[in-house]
Amino acid sequence: VNLEEGTIRLTAKHTKTNTARVIYMTGDFLLVMMKMRQVRDQQYLDCPYVCHLRGQAIKELKHSWKTACQRVGLVGKTFHDLRRTGVRNLVRAAVPETVAMKISGHKTRAVFDRYNITSEEDLKEAATRLGDYINRKKGTALGTPDAFDVQEEDRRIVEPFERFEENMELARGIEPPTGGLQNRCSTD
């Protein structure tokens, strides 16, 4: 742990994949680690560890982890759950997946994908982003809610359907069009 650099350096022998890694600390995590060093420097002058148990190296984490989870109401969570959470947070923070894989130590895409689980909240966020994207792209087009939100005398000129159609992606050769979504004028 190097708090001046804000890094944790893992040697190859300390990782599951036998590959050395560097983890950068920022924000609250770095502040907590700095506070731990301050406490160590006041109480355990001879201790070389930032994270320690009464000045000694931590050999086993299971009991402390279980106690900490109980204190904060996360009974049943495992330490390994942090890895999945870390991967998800990296991806949702728009960190490139190759970088997230390097940080998490995943060597294959298949294993990384098992950690990057899609939740219902992810689906909701995707729908919101898609809606925002479409609204930015379309402006005001015939049939959109924007076209009907103003008084008749203030109604803006809306794009004719032919112009709106320019932005539609055609699915040529992929599959037959769905009956209800065909672009046909009908007098039925």
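In which helix does Leu 82 lie? Select Leu 82 in this predicted model: the residue belongs to helix α3. With a relative accessibility of 42%, Leu 82 is partly exposed, because that class runs between 20% and 50%.

Now show Trp 65 beside it. A pair of aromatic rings is described by how far apart the centres are and by the angle of the planes. Searching the whole structure gives one aromatic pair. Its members are Trp 65 and Phe 79: the ring centres are 5.0 Å apart and the planes stand at 85°, so the pair is edge-to-face. Trp 65 sits in helix α2 (residues 62-71) and Phe 79 in the loop between α2 and α3 (81-92), so the pair ties together parts 14 residues apart in sequence.

Now turn to the interior. In soluble globular proteins, nonpolar side chains tend to be buried together. Select Val 87, Leu 90, Val 91, Ala 100, Met 101, Phe 112 and Tyr 115, which form the largest nonpolar core. Two or more of its residues come from each of α3, α4 (97-104) and α5 (109-115). Helix α3 gives the largest share, three residues.

Stop at Leu 90. Beyond its neighbours within four places in sequence, Leu 90 is in contact with Val 95, Ala 100 and Ile 103. Finally, look for another core, of six residues, that lies apart from the largest one; Ile 8, Leu 30, Met 33 and Val 50 are among them.

Technical notes:
Residues are numbered from 1 along each chain as its sequence is written. This is a predicted model: local features need pLDDT of at least 70, side-chain atom pairs count only at pLDDT 80 or more; totals for chains, interfaces and linings use all residues. Side-chain values use heavy atoms; hydrogens and water are left out. Rings of Phe, Tyr and Trp (its six-membered ring) pair if their centres lie within 6.5 Å; planes under 30 degrees apart count as stacked, over 60 as edge-to-face and the rest as tilted. Helices (H or I, at least four residues) and strands (E, at least two) are DSSP runs, numbered from the N terminus. A nonpolar core is a set of buried Ala, Val, Leu, Ile, Met, Phe, Trp, Tyr and Cys residues joined through side-chain atoms within 4.5 Å. Buried means under 20% relative accessible area, exposed over 50%, partly exposed in between (1.4 Å probe, protein chains only). Contact means heavy atoms within 4.5 Å.
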